[in-house]
Structure formats: C-alpha cells, structure tokens
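Trainee: Could you take a close look with me at how the parts of this chain come together? I would like to go through it slowly.

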Amino acid sequence: MLSAKRNITFFKILLILGFVYFFWLMLKITLEYIPMNPNISFLMIKQTEVEHRPEYLYFFYTHVYTSIFVLLSGFLAIIRKGFGLKSFHRNIGKVYIFLILLLAAPSGLYMGFFANGGLFSKVSFVMLGFLWWISTFKAYQLAMQKKFKEHKQWMWRSFAFTLSAITLRMWKVIIVYLFHPNPMDVYQIIAWLGWIPNILIIEYLITKKQI
C-alpha cells in the first residue's frame with residue numbers, strides 16, 4: 001500500500017513539473033495567433049483550407065483559444081486541490097468539461113478531417129476528437145450520477161487525450177531530431193504517438209488501481 005502511494009505521489013510530481021514546462025510552451029504557441037492572422041505559423045501550410053473553406057478559421061481559432069484553457073482547467077481539476085476556495089474542484093471541472101464538449105473537441109474533430117499527412121493522419125485525429133468528447137461526456141455523466149470513483153477514472157482518460165496537444169509536439173521534436181524524416185511522414189507518426197501512449201499509461205494505472 002505504501003509503495004503504491006509513493007508511486008502515485010511520484011507520478012503526480014512528474015506530471016506537475018512536466019505540465020508547467022510544456023504549458024508555458026503551449027501558451028507561447030497560442031499567443032502567436034493573437035491578433036488573428038491567417039498567414040502565420042501552422043496556418044501557412046493550411047492555405048488551401050483558409051482560402052477555400054471560410055469556416056476553417058473559425059474552427060481553428062476556436063480550438064486554439066479554448067485548448068489552452070482546457071489544459072489549465074483540466075490540470076487543476078486532476079490534481080484535486082481546492083486552493084482554499086469552496087467547490088473549486090467542482091467548478092473548475094465544469095469549466096474543463098463544457099469547454100471540451102461544446103468547443104474544443106468539436107472544433108478539433110472538424111480539423112481532423114483536414115489534417116496533414118493523408119488518410120492515415122486524418123483517421124487518427126478524427127478518432128482522437130471523438131474519443132476525447134466521449135471520455136469527457138462519460139466523466140460528466142458519472143459525476144451527475146455521483147459515481148465519483150468511475151468519474152475520476154474517466155477524467156484521467158479525458159485528460160490523457162487533452163495532453164496529446166503537448167505529447168504530440170514532444171514526439172515531433174524527438175523524431176525530427178533523431179531521424180530527420182519527411183515532414184508528411186512526421187505527421188503520420190505523431191498523429192498516433194500523440195495520444196495512444198497517453199491512454200495506454202492511464203489504462204495501465206487504472207488496471208493497477210493506482211487511479
């Protein structure tokens with residue numbers, strides 16, 4: 001029992017330290033898109049969608065601007081600290097859930113259909129958007145039913161998908177640095193590496209009753 005608690009504590013410390021660092025990097029990326037400019041950064045390689053699909057930019061900016069708040073609120077909900085505020089966990093959890101269900105996941109799902117890297121990448125990003133929405137909805141549903149143990153597990157699953165925004169970029173840096181592959185090959189690889197290891201780790205921890 002003591003060993004299991006130590007493992008959980010160690011895991012949480014790693015999560016906190018890693019999250020703070022990568023959240024700062026994600027915030028810097030988000031700030032690149034303020035003010036709105038369709039000719040900057042990632043949008044430079046999405047000019048076909050920008051020029052021929054007027055709705056694409058709406059979905060893109062919705063996804064970018066909400067995802068940074070999803071990351072922060074999800075992290076604060078996961079660590080379950082009240083910071084001296086009554087019902088903080090419940091309220092920040094509501095922010096996380098409704099941002100995903102109403103904005104972040106639907107916009108990400110739409111963008112998945114136009115992902116770089118061909119069909120292989122598109123399938124992954126569409127699956128990610130769908131699973132992200134479903135896991136978050138399941139967490140919300142279980143909370144409403146007061147099944148808090150199961151709610152916690154599904155929140156962790158949801159957060160595993162949320163963290164794909166970070167792990168996808170982490171894998172990209174590693175792969176490009178080590179192997180220098182073709183850019184489209186990179187998209188095909190990180191499209192799957194960005195979220196599958198995350199959810200496998202969470203499922204392992206749930207199976208071992210450490211979450």
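Mentor: Happy to! Let's start with contacts between residues at least 6 apart in the sequence of the protein chain: 69% of them join residues at least 24 apart. Keep in mind as we go that this is a predicted model.

What is being brought together here? The secondary structure of the protein chain consists of 9 helices and 0 strands.

Now for the overall dimensions. A compact globule of 211 residues would have a radius of gyration near 17 Å, and the protein chain has 18 Å, so the two agree. Along the principal axes, the C-alpha atoms fill a box of roughly 55 × 35 × 30 Å.

Of the 211 residues in the protein chain, 42% are buried. The chain exposes about 12,400 Å², and 70% of that area comes from carbon and sulfur atoms.

Finally, how confident is the predictor? The average pLDDT of the protein chain is 89, with 93% of the residues scoring at least 70. Confidence is lowest in helix α1 (residues 2-31), where the mean is 76. It is highest in helix α5 (residues 118-144), at 96. When you turn the model on your screen, you can find both of those helices by their residue numbers.

Methods: Residues numbered from 1 in each chain as written. Predicted model: local features only at pLDDT ≥ 70, side-chain atom pairs only at ≥ 80, totals over all residues. Heavy atoms only, no water. pLDDT = per-residue confidence, 0-100. Helix = DSSP H or I, 4+ residues; strand = E, 2+ residues; numbered from the N terminus. Rg over C-alpha atoms; globule rule 2.2 N^0.38 Å. Buried < 20%, exposed > 50% of the residue type's maximum accessible area, 1.4 Å probe, protein only. Contact = heavy atoms within 4.5 Å. Areas by Shrake-Rupley, 256 points an atom, 1.4 Å probe, with all protein chains shown as cover.
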